[in-house]
Amino acid sequence: TAYEIRPRDWSSDVCSSDLCRLLPVSGGWYGVVQVPAISTEEGLVLDLLEHDDVFAHPGYFFDFRREAYLVVSLLPRGELFREGLSRILARVARGVA
């Protein structure tokens, strides 16, 4: 179902990366990933959309006071969500390298 993603299902993917950190999730339909400030949040989400076919919101849409955060929906099917997260982590890794 569309609601099969839980933070515990994807936190190991994010936490296994030294570059990104999952913020605590207490419920809801989105998760927040803290990423290195390799560019502006807006630049990163535009790169993800244009080059990686991944849609994420910049943290400033949700009033984060500093960069860099990505807000992602937890609604996609599990395999689709994991692929998107994998692309986010790869994009961040390329930007840091």
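Which residue forms a salt bridge with E79? Select R77: the closest N and O atoms of the pair are 3.1 Å apart. A salt bridge here is a side-chain nitrogen of Lys or Arg within 4 Å of a carboxyl oxygen of Asp or Glu. E79 is exposed at 52% relative accessibility, while R77 is partly exposed at 46%. (Buried means under 20% relative accessible area, exposed over 50%, partly exposed in between, with a 1.4 Å probe and protein chains only.)

Before moving on, know your model. It is predicted, so local features need pLDDT of at least 70 and side-chain atom pairs count only at pLDDT 80 or more, while totals for chains, interfaces and linings use all residues. Residues are numbered from 1 along each chain as its sequence is written, and side-chain values use heavy atoms, with hydrogens and water left out.

**Stop 1**

Select E83 and R87. Their closest N and O atoms are 2.9 Å apart. Both sit in helix 3, 4 residues apart, about one turn of the helix. (Helices, H or I with at least four residues, and strands, E with at least two, are DSSP runs numbered from the N terminus.)

Now select R94 and D52. This salt bridge has its closest N and O atoms 3.3 Å apart. R94 is in helix 3 and D52 in helix 2 (residues 41–52), so the pair ties together parts that are 42 residues apart in sequence. D52 is buried at 10% relative accessibility, but R94 is partly exposed at 46%.

**Stop 2**

Two strands pair if DSSP finds at least two bridges between them. Select H57, then find V71 opposite, in strand 4.

**Stop 1: the largest pocket**

Select V54, F55, S73, P76 and G84. Among the 17 lining residues of the largest pocket, these lie nearest its centre. (A pocket is an open set of points on a 1 Å grid over the protein atoms alone, where a 1.4 Å probe fits, with protein on both sides within 12 Å along at least five of seven lines; lining residues have an atom within 4 Å of a point.) Last, colour helix 3 (78–96). Helix 3 gives the most to this lining, with 7 residues.
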